[in-house]
Amino acid sequence: MAWSWRYEGANGASVDGPGESFPSQADAESWIGQAWRELAASGVTSVALVEDDRVEYRMSLLPPAE
């Protein structure tokens with residue numbers, strides 16, 4: 001089982017991002033914890049954690065609304 005991130009832009013469309021693959025969910029989550037600021041700065045607004053072809057969950061990279 002391989003874990004990876006799918007990247008989405010402001011309009012919800014897929015955008016290019018690093019093609020990293022991880023052996024575990026924990027490794028993937030650790031990586032996104034370090035990389036999310038760079039991704040957000042490059043226009044990625046949300047990500048989806050994917051195991052093979054199954055989406056585990058989605059999360060926003062945008063700051064919370066005030």
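Strand 2, residues 46–51, and strand 3, residues 54–60, pair in the antiparallel sense, with six bridges between them. Keep in mind throughout that this is a predicted model.

How exposed are the two partners, glutamate 51 and arginine 54? Glutamate 51 is buried, with a relative accessible area of 10%. Arginine 54 comes out at 40% and counts as partly exposed.

Arginine 54 has another partner. Its salt bridge with glutamate 56 has the closest N and O atoms 2.6 Å apart. Glutamate 56 is partly exposed, at 32% relative accessibility. Taken together, Glu51, Arg54 and Glu56 are linked in a network of salt bridges. In general terms, side chains of opposite charge can pair when their charged atoms come close.

The count of salt bridges comes to three. One of them joins the side chains of glutamate 8 and arginine 58, at 3.6 Å from N to O. This pair links distant parts of the chain, with glutamate 8 in strand 1 and arginine 58 in strand 3, 50 residues apart. Buried or exposed: what is glutamate 8, and what is arginine 58? Glutamate 8 has a relative accessible area of 13% and is buried, because the cut-off for buried is under 20%. Arginine 58 has 52% and is exposed, since the cut-off for exposed is over 50%.

Now the surroundings of glutamate 8. Strand 1, where glutamate 8 sits, covers residues 3–8. Leaving aside neighbours within four places in sequence, the contacts of glutamate 8 include Ala13, Ser14 and Val15, as well as Gly43, Val44, Thr45 and Ser46. Arg58, the salt-bridge partner, is also among the contacts of glutamate 8.

Threonine 45 is placed in the loop between helix 1, residues 25–41, and strand 2. Which residues does threonine 45 contact, leaving aside its neighbours within four places in sequence? They are Glu8, Gly9 and Ala10, together with Ser60, Leu61 and Leu62. Threonine 45 is buried, at a relative accessible area of 15%.

Next, the rings. A pair of aromatic rings is described by the distance of the centres and the angle of the planes. There are two aromatic pairs by count. Tryptophan 5 and tyrosine 57 make an edge-to-face pair, 6.2 Å centre to centre, with 75 degrees between the planes. Tryptophan 5 is in strand 1 and tyrosine 57 in strand 3, so this pair ties together parts that are 52 residues apart in sequence. Tryptophan 5 counts as buried at 5% relative accessibility, while tyrosine 57 counts as partly exposed at 26%.

Phenylalanine 22 and tryptophan 31 form a tilted pair, 5.6 Å centre to centre and 45 degrees between the planes. Phenylalanine 22 is buried, at 9% relative accessibility. Tryptophan 31 is buried as well, with a relative accessible area of 17%.

To close, back to strands 1 and 3. Glutamate 8 in strand 1 and arginine 58 in strand 3 link distant parts of the chain. Tryptophan 5 in strand 1 and tyrosine 57 in strand 3 likewise tie together parts that are 52 residues apart in sequence.

Key. Residues are numbered from 1 along each chain as its sequence is written. This is a predicted model: local features need pLDDT of at least 70, side-chain atom pairs count only at pLDDT 80 or more; totals for chains, interfaces and linings use all residues. Side-chain values use heavy atoms; hydrogens and water are left out. Two strands pair if DSSP finds at least two bridges between them. Helices (H or I, at least four residues) and strands (E, at least two) are DSSP runs, numbered from the N terminus. Buried means under 20% relative accessible area, exposed over 50%, partly exposed in between (1.4 Å probe, protein chains only). Contact means heavy atoms within 4.5 Å. A salt bridge is a side-chain nitrogen of Lys or Arg within 4 Å of a carboxyl oxygen of Asp or Glu. Rings of Phe, Tyr and Trp (its six-membered ring) pair if their centres lie within 6.5 Å; planes under 30 degrees apart count as stacked, over 60 as edge-to-face and the rest as tilted.
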